[in-house]
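This briefing walks through one protein chain. Keep the structure open while reading.

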Amino acid sequence: MKTIGFIGSGNMGKAMIGGIVKSGLLTPNQITVSDLNKAALESVYNEFGVNTTTESREVVKDSDIIIVAVKPNIYDIVLEQVKDLIDTNKIIVTIAAGKTISSIESIIGSDKKIIRTMPNTPALVNEGMTAICKNKNITDEELEMIKSIFESFGEAEIVGEYLIDSVIGASGSAPAYVFMFIEAIADAAVIGGMPRAQAYKFAAQAVMGSAKMVIETGKHPGELKDMVCSPGGTTIEAVRVLEEEGFRASVIKSVVACMDKSKEMSK
Ligand SMILES: NC(=O)C1=CN([C@@H]2O[C@H](COP(=O)(O)OP(=O)(O)OC[C@H]3O[C@@H](n4cnc5c(N)ncnc54)[C@H](O)[C@@H]3O)[C@@H](O)[C@H]2O)C=CC1
Ligand SMILES: O=C(O)[C@@H]1CCC=N1
């Protein structure tokens with residue numbers, strides 16, 4: 001495996017660095033990370049032992065694959081600062097909402113190798129979900145190699161770039177709404193008298209187990225829901241209230257708002 005550099009080690013950068021190091025796909029000395037925030041660098045150094053620098057240009061010089069993990073609004077600035085060091089052998093990997101492949105090509109050149117991805121923070125616990133797309137300069141072999149990096153901390157699928165807005169809604173941003181769901185279930189359990197820490201454990205394990213059932217049984221989520229609802233029982237009462245309160249409509253509306261924002265950021 002080649003050397004990997006990260007420009008930015010915030011929430012998403014750190015989750016990916018942690019995922020790669022814990023998987024053993026690369027050793028920490030094959031990874032170089034830059035950040036302007038020294039506390040962020042200290043944190044990745046102390047936890048994962050990777051090389052750190054405050055200079056993004058060092059990252060580009062030292063790495064075959066460069067993952068740009070800064071906020072979308074400073075992507076262009078960072079790329080302008082390092083673009084003279086990006087040759088046609090290096091692979092630039094983006095993870096930002098709203099950064100299309102063509103917008104990156106317009107800064108660093110359409111002759112450069114560019115991969116656009118959308119990961120999510122469960123990468124930190126090896127349960128990430130990443131979508132990957134590429135520009136014309138990436139070979140099939142390189143695409144597979146990049147996919148294997150993202151698979152080192154979860155699942156990864158190659159998609160057409162037109163699907164990226166849906167990916168952000170379904171997996172990139174989704175952990176936030178799932179955490180809200182877990183928090184809300186736990187709040188109710190606390191009302192019932194359960195200690196808070198225990199409530200988070202019960203709610204989170206129920207969400208994780210349910211997600212696993214969807215993936216492993218291949219059954220329709222509605223069928224799995226029906227299996228929980230005993231006639232005249234407790235669950236169907238909760239389902240009735242969720243429907244009355246517009247639970248599914250509210251989730252659909254929220255995720256569409258997320259996708260719309262992604263489209264707007266891509267303009
Ligand atoms: N947080 C998430 O769940 C996900 C985030 N993303 C994408 O990841 C990117 C980063 O998001 P977060 O990690 O949430 O942001 P963040 O704010 O946690 O991290 C960004 C990091 O970049 C650093 N930084 C700023 N300017 C820099 C520069 N010039 N050179 C080097 N480092 C610099 C900051 O100090 C910070 O540590 C965004 O583009 C976002 O769209 C994608 C999928 C999921
Ligand atoms: O909130 C955001 O814009 C980023 C993209 C997906 C998750 N976080």
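In what follows, a helix axis is a line fitted to C-alpha atoms over the stretch in contact, and angles between N-to-C directions run from 0 to 180 degrees. The model is predicted. The chain has twelve helices and eight strands. Its C-alpha atoms fill a box of roughly 70 × 40 × 30 Å along the principal axes.

**Overall make-up**

- Of the 267 residues in the chain, 31% are buried.
- Take the contacts between residues at least 6 apart in sequence: 65% of these join residues at least 24 apart.

**Annotated domains**

- An unreviewed UniProt entry places "domain: Pyrroline-5-carboxylate reductase catalytic N-terminal" at residues 3-98.
- Residues 3-98 are 44% helix and 20% strand.
- Residues 161-265 are 83% helix and 0% strand. Here the end C-alpha atoms are 14 Å apart.

**Helices H1 and H2**

- H1 covers residues 11-23 and H2 covers residues 38-48. They pack at an angle of about 15 degrees, and their axes are 11 Å apart.
- Angles under 35 degrees count as roughly parallel, and H1 and H2 are therefore roughly parallel to each other.
- The H1 and H2 crossing is right-handed.
- On the H1 side, the contact is made by Lys14, Ile17, Gly18 and Val21. On the H2 side, Val44, Glu47 and Phe48 take part.
- By class, this contact of H1 with H2 has four nonpolar residues, one polar residue and two charged residues.

**Annotated binding site**

- The "binding site" annotation in UniProt (unreviewed entry) covers Ile7, Gly8, Ser9, Gly10, Asn11, Met12, Ala69, Val70, Lys71 and Pro72.
- These residues span 66 residues in sequence, but no two of their C-alpha atoms are more than 13.9 Å apart, so they gather at one spot.
- Met12 sits in helix H1. It counts as buried because it has 23 C-beta neighbours inside 10 Å, and the threshold for buried is 20 or more.
- Leaving out residues up to four places away in sequence, Met12 touches Ala69, Ile95, Pro119 and Thr121.
- Ala69 lies in the loop between strand S4 (65-68) and helix H4 (72-82).
- Ala69 has 27 C-beta neighbours inside 10 Å, so Ala69 also counts as buried.
- Beyond its neighbours within four places in sequence, Ala69 is in contact with Phe6, Ile7, Gly8, Ser9, Gly10, Met12, Gly13 and Ile95.

**Helices H7 and H12**

- H7 covers residues 164-172 and H12 covers residues 247-265. Their axes come within 8 Å and cross at roughly 140 degrees.
- The crossing of H7 and H12 is right-handed.
- Asp165, Ser166, Ile168 and Gly169 of H7 meet Val255, Cys258, Met259, Ser262 and Lys263 of H12.
- The residues of this contact of H7 with H12 divide into four nonpolar, three polar and two charged.

**Single residues to check**

- Asn126 lies in the loop between strand S6 (113-118) and strand S7 (128-134).
- With 13 other C-beta atoms within 10 Å, Asn126 is partly exposed.
- Is Gly209 buried or exposed? Gly209 has 9 C-beta neighbours inside 10 Å, so Gly209 counts as exposed.
- Gly209 is found in helix H9 (residues 196-217).
- Gly209 and Asp35 are 174 residues apart in sequence. Their C-alpha atoms are 36 Å apart in space.

Methods:
Residues are numbered from 1 along each chain as its sequence is written. Chains are lettered from A and ligands numbered from 1 in the order in which they are written. This is a predicted model: local features need pLDDT of at least 70, side-chain atom pairs count only at pLDDT 80 or more; totals for chains, interfaces and linings use all residues. Helices (H or I, at least four residues) and strands (E, at least two) are DSSP runs, numbered from the N terminus. Angles under 35 degrees count as roughly parallel, over 145 as roughly antiparallel, 65 to 115 as roughly perpendicular and the rest as oblique. A crossing is left-handed if the near helix is turned anticlockwise from the far one by less than a right angle, and right-handed if clockwise. Two residues are in contact if their C-beta atoms, placed from the backbone, lie within 7 Å. Ala, Val, Leu, Ile, Met, Phe, Trp, Tyr, Cys and Pro count as nonpolar, Asp, Glu, Lys and Arg as charged, and the others, Gly among them, as polar. UniProt positions are given in the numbering used here, feature names are shortened, and annotations may be inferred rather than shown by experiment. A residue is buried if 20 or more other C-beta atoms lie within 10 Å of its own, exposed if 12 or fewer, and partly exposed in between; C-beta atoms are placed from the backbone.
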